[in-house]
Structures are given as structure tokens and as C-alpha cells.
Amino acid sequence: MEKYVPVVVIKELSETDKILTALKASGINCAEITFRTACAAEAIAYACKAYPNMSIGAGTVINAEQCRQALEAGAQFIVSPGLSIAVAQVCKEHNVPYYPGCVTPTEIMQALELGITTVKFFPANIYGGLKALKALSAPFPQVKFIPTGGVDRSNIDEFLAFDKVEAVGGSFFVKEALEKMEVSQ
């Protein structure tokens, strides 16, 4: 997994090239395309074909049906805001990584029972940020985290310096990449 996981919301399929080109120009070769829009599956399918060197996943996947659609579109990983046993089972059947949102010891224990050792920590800023991750890492030393929500340039280095952080996620990567691209044109 890449260290940076941009949370990408594509409202219209035509935005896909602009966003992914900007991310690649910023040295980011990963995109979590959210399942919050009508064209999400189509955008994932297009991104997988047009950007084969990028790791394209589906985010905000909240049920098995969305998960199946994302996998049929070619998603290489699945991310959820919470933990869904049904989504975990579909991902396991297809041998695709699943990063469920887990912020409590109970949720982390459920993820571990499903064989999941890397979880999304969302929203990180609301659930205690780095301090919480350090506290949760004591009883769960085998778990890695992907904090998202409230991660930005002001705290990204602190998160990445902690060895239990696998990657960081956020929509700010997209905003920065697009701004950088506009400035260079």
C-alpha cells in the first residue's frame, strides 16, 4: 500500500482524468474513489483501464452489493467508514484487501476475527487522533492503521512517523494536486 491514500469524489466521469493526472503529477499513485456518487463504479472501471500503474480502490463501500460492483469495476482494494462483515466476506472471496473503519477496541477485535490487520481509523480527528492510535496499539500490536478525517499537512508527518500507521488518507491530497497543476499551467 502507498503511504498516501487520496479520498477521491468523482461527481462526473469527465473529472477522472483531471484528478488522477494531477495526483500522478504530485507523485501519488493511489486513489480511493468513493462510492458516494452515481458514476463511482464507472469511474473506477475507467481509472483501472486508463491508469494501470495506479492502485485504484473503492471507498465509502457500506454493503456487499456496492462491494461486488466495485470489484466488478476492477477495484484493487475496498475501504469502508465502518466494519461490515458482509463486505469483509466478499473481499475475502475475491482475495482483495479490505480496510474497514474501526475506532473502538471492539471493532478492532471484530476485524482481527475476520483476519483483517490493517484498519481505517475514521474520523481520526474526532476519535482522538495520534494519541488514540498510540493507546489502541498497546493491546493490538499486530494492527496497522490508516487514519483519515482530520489528517492534513499540519499533522501528516506526526501520523506517518508512528510505526503503526500504514498510510494516511484524505481528500486534501486531491485539492493540493489540483492546485499544484493549475499553478504549473
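**Figure 1. Cysteines in the predicted model, which holds 0 disulfides.** C39 takes part in no disulfide, and the nearest cysteine sulfur, in C48, is 14 Å away. C39 is buried, with a relative accessible area of 9%. For C48, the closest cysteine sulfur is that of C30, at 11 Å, which is too far for a bond. C48 is also buried, at 19% relative accessible area.

**Figure 2. Strands β2 and β3 and the crossover between them.** Strands β2 (residues 30-34) and β3 run parallel and are joined by 5 bridges. From β2 the chain passes through helix α2 (residues 40-50) to β3, in a right-handed β-α-β crossover. I33 stands opposite A58 of β3. Strand β3 (residues 55-59) is mostly covered, with 4 of its 5 residues buried.

**Figure 3. The salt bridge between E32 and K120.** The structure holds 3 salt bridges. In the one formed by E32 and K120, the closest N and O atoms are 3.9 Å apart. E32 belongs to strand β2 and K120 to strand β6 (residues 118-121), so the pair ties together parts 88 residues apart in sequence. E32 is buried at 3% relative accessibility, and K120 is buried at 7%.

Figure 4. R153 and E176 meet in a salt bridge with an N to O distance of 2.8 Å. The pair links distant parts of the chain, with R153 in the loop between β7 (144-147) and α7 (156-161) and E176 in helix α8 (residues 172-184), 23 residues apart. R153 is partly exposed, at 45% relative accessible area, as is E176, at 25%. The side chains of K175 and E179 form a salt bridge at 3.6 Å, N to O. K175 and E179 are 4 residues apart in helix α8, so about one helical turn separates them. K175 is exposed at 56% relative accessibility, while E179 is partly exposed at 40%.

Methods: Residues numbered from 1 in each chain as written. Predicted model: local features only at pLDDT ≥ 70, side-chain atom pairs only at ≥ 80, totals over all residues. Heavy atoms only, no water. Buried < 20%, exposed > 50% of the residue type's maximum accessible area, 1.4 Å probe, protein only. Helix = DSSP H or I, 4+ residues; strand = E, 2+ residues; numbered from the N terminus. Pairing = 2+ DSSP bridges. Right-handed = clockwise from strand over helix to strand, strands pointing away. Disulfide = S-S within 2.5 Å. Salt bridge = Lys/Arg side-chain N within 4 Å of Asp/Glu carboxyl O.
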